Each structure stands twice: as C-alpha cells, then as structure tokens.
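Here is a short briefing to read alongside the structure. Have the sequence and the 3D view open, and we will go through them by topic.

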Amino acid sequence: MEKKDLDIEKKMDEKLEKLLQPVSPNSTFIANLQEKLVSRANVSIEYPNYLLIIIILGSGLAVGLILVIFINRIIRTLTGKNRN
Amino acid sequence: MNIQNPNEDQILDRAINGDEEAFSLLYQDNVKKIYSYIYYRTGNTYEAEDLTARVFQRALKHITRYKKTNVPFSAWLYRIAHNLVANWHRDNQRRKEVPIEDHLDLGSHADIPDDQYEKKQEVEVLLRAVRKLPSDRQMVLILKYVEDLSNKEIGDIMGKSEGAVKSLYHRTLLDLRDYLDEK
C-alpha cells in the first residue's frame with residue numbers, strides 16, 4: 001500500500017477513534033427492560049370450556065325448538081277454532 | 001436461583017435451559033454494546049431503545065434453541081440487531097433523526113468560536129458519511145471503534161475471515177476519505 005494511502009488511513013483512523021465512542025443507554029431504560037424481560041406476568045390464561053359451550057348451545061336449541069312447537073300448536077288450535 | 005461467579009459458558013447453558021436469571025445476566029453483559037451498535041446505525045436514541053428491547057425480546061424467545069459454537073454469544077445478539085436495523089431502515093425510508101446533537105452537544109454557531117464550530121461541522125459530516133456506508137462496513141467500524149474488537153472477533157461476529165475483515169476495513173477508510181473529499 002502506498003505511503004499516501006497509509007497516511008490517509010491513519011488520519012481517518014484517528015478521527016473515527018474520537019468520533020465512535022461507546023454510548024451508554026439510559027439506566028432507567030436498562031432497568032425497565034430487564035424487568036419486562038424476566039418478570040412473570042400476573043395473567044391467568046383461561047381456556048374455553050367446550051363442554052359447557054355445547055351444553056348451553058344445545059339447551060338453547062332445545063328450548064327454541066320446544067317454543068316453536070308450542071307456538072305452532074297454539075296457532076293451529078286458534079286457527080282450527082276460527083274455521084269452526 | 002442465585003448464580004454466584006459461574007463463567008459465561010455456565011450462564012449460557014442455564015439460559016438455554018430456560019433459566020431467566022441466567023438470561024438476565026447475559027442481558028446485563030450485552031445490553032450496552034447492543035445499544036451502542038444500534039444507536040450508531042439508527043442515529044436516534046428512541047429508535048435505539050426500541051430496537052434494543054426488540055433484540056432482547058427476540059433473544060429471550062429463541063434462547064432455548066440457541067446452538068453453542070466457538071463464536072461468542074454476543075455475535076448472535078449482533079446478528080439479531082443487524083437484521084432488525086436492516087428491517088427498520090427498509091421500513092423507515094424517511095425518518096427523523098436527532099443524532100448528532102443528542103450526544104455531541106453541539107452549540108449554535110453564535111455560541112462557539114469559529115474553529116470549534118468548524119471541527120464540529122467536520123464531525124457531523126463524518127458521522128453522516130459513516131451512516132451512508134453499506135451496513136456491513138458500518139458494522140466493521142462500530143465494532144472496531146466502539147467495542148474495540150479485533151479483526152478476528154469482528155470476523156467471528158460477521159461470519160467472515162480475519163483477512164476479509166481487515167480488507168473491508170481498509171477499503172472502508174479509503175472510501176470514507178473519497179466521500180469526504182467530494183464534500
């Protein structure tokens with residue numbers, strides 16, 4: 001490598017050494033992040049109770065069906081009386 | 001669990017096995033260097049904090065799958081940081097920087113003597129020039145000057161040979177010179 005290039009490198013090296021110094025993050029940031037990373041969250045995960053869902057839906061459907069039949073009978077009875 | 005004076009290898013083993021306190025020790029050892037790297041790559045304190053947090057969150061998520069090699073643990077963190085910074089640059093083509101004033105405490109021209117102002121202008125131009133370099137060259141400079149790592153250590157982190165790092169470094173200095181000459 002030519003001497004001129006070596007001189008340029010040396011000067012650039014000195015400038016960069018002064019310029020690029022370690023930068024410390026805010027100590028509060030460091031502490032907060034550490035806390036977030038390793039703390040155990042007080043959250044309980046609820047998993048759906050599928051059996052309960054089936055029972056409720058089934059019951060709803062059953063009640064609905066019974067209501068439909070009952071209302072249908074009432075309508076037929078009333079319709080039948082009117083014809084008579 | 002109280003870890004008293006184990007070497008880094010033991011701490012790493014425990015962290016890989018899910019020991020949060022061990023990971024906490026790794027975090028304390030590495031957070032400043034990762035932050036410094038990201039700060040110089042982004043030029044912004046707020047982004048540096050955000051991306052540093054994401055580096056360690058990602059590391060914590062994947063630590064159990066970390067495979068130990070001859071390369072230091074920090075190399076893995078630097079690679080995560082490098083990738084996140086690359087994504088950040090891609091997603092933020094136009095970003096606001098508050099870089100130089102934040103830590104170099106530059107005054108206005110009226111407040112400081114002309115020669116000092118000129119020096120500070122020079123610093124600004126040099127920093128801008130560094131940030132215009134390709135990401136791998138920025139990484140070489142930051143690891144060399146900020147972390148004071150050897151070419152071999154830098155090569156371990158970047159997955160390059162010592163010779164390749166040395167060559168890259170020399171070319172980078174000459175390119176910086178050419179860029180500054182143009183300015």
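In this predicted model, 24 residues of chain A are in contact with 32 residues of chain B. Together the two chains bury about 2,800 Å², and 71% of that area comes from carbon and sulfur atoms.

**The side of chain A that touches chain B**

**Polar links across the interface**
- The rule finds 9 residue pairs in polar contact between chain A and chain B, both residues being at pLDDT 80 or more.
- For salt bridges across this interface, the count is 0.

**A helix pair in chain B**
- Helix α7 (residues 135-146) and helix α9 (residues 162-182) of chain B pack at an angle of about 105°, with their axes 10 Å apart.
- Angles of 65 to 115 degrees count as roughly perpendicular, so that word describes α7(B) and α9(B).
- From α7(B), the contact uses B:D136, B:R137, B:V140, B:L141, B:K144 and B:Y145.
- From α9(B) come B:L168, B:Y169, B:R171, B:T172, B:L173, B:D175 and B:L176.
- Sorted by class, this helix contact holds 7 nonpolar, 1 polar and 5 charged residues.

Notes
Residues are numbered from 1 along each chain as its sequence is written. Chains are lettered from A and ligands numbered from 1 in the order in which they are written. This is a predicted model: local features need pLDDT of at least 70, side-chain atom pairs count only at pLDDT 80 or more; totals for chains, interfaces and linings use all residues. Side-chain values use heavy atoms; hydrogens and water are left out. Axes are lines fitted to C-alpha atoms, for helices over the stretch in contact, and angles run from 0 to 180 degrees between N-to-C directions. Helices (H or I, at least four residues) and strands (E, at least two) are DSSP runs, numbered from the N terminus. Angles under 35 degrees count as roughly parallel, over 145 as roughly antiparallel, 65 to 115 as roughly perpendicular and the rest as oblique. Contact means heavy atoms within 4.5 Å. Ala, Val, Leu, Ile, Met, Phe, Trp, Tyr, Cys and Pro count as nonpolar, Asp, Glu, Lys and Arg as charged, and the others, Gly among them, as polar. Buried area is the accessible area (1.4 Å probe) that two parts lose on being put together, summed over both. A salt bridge is a side-chain nitrogen of Lys or Arg within 4 Å of a carboxyl oxygen of Asp or Glu. A polar contact is a pair of N or O atoms within 3.5 Å; within protein, one must be able to donate a hydrogen and the other to accept it, and residues adjacent in sequence count only if both atoms are side-chain atoms.
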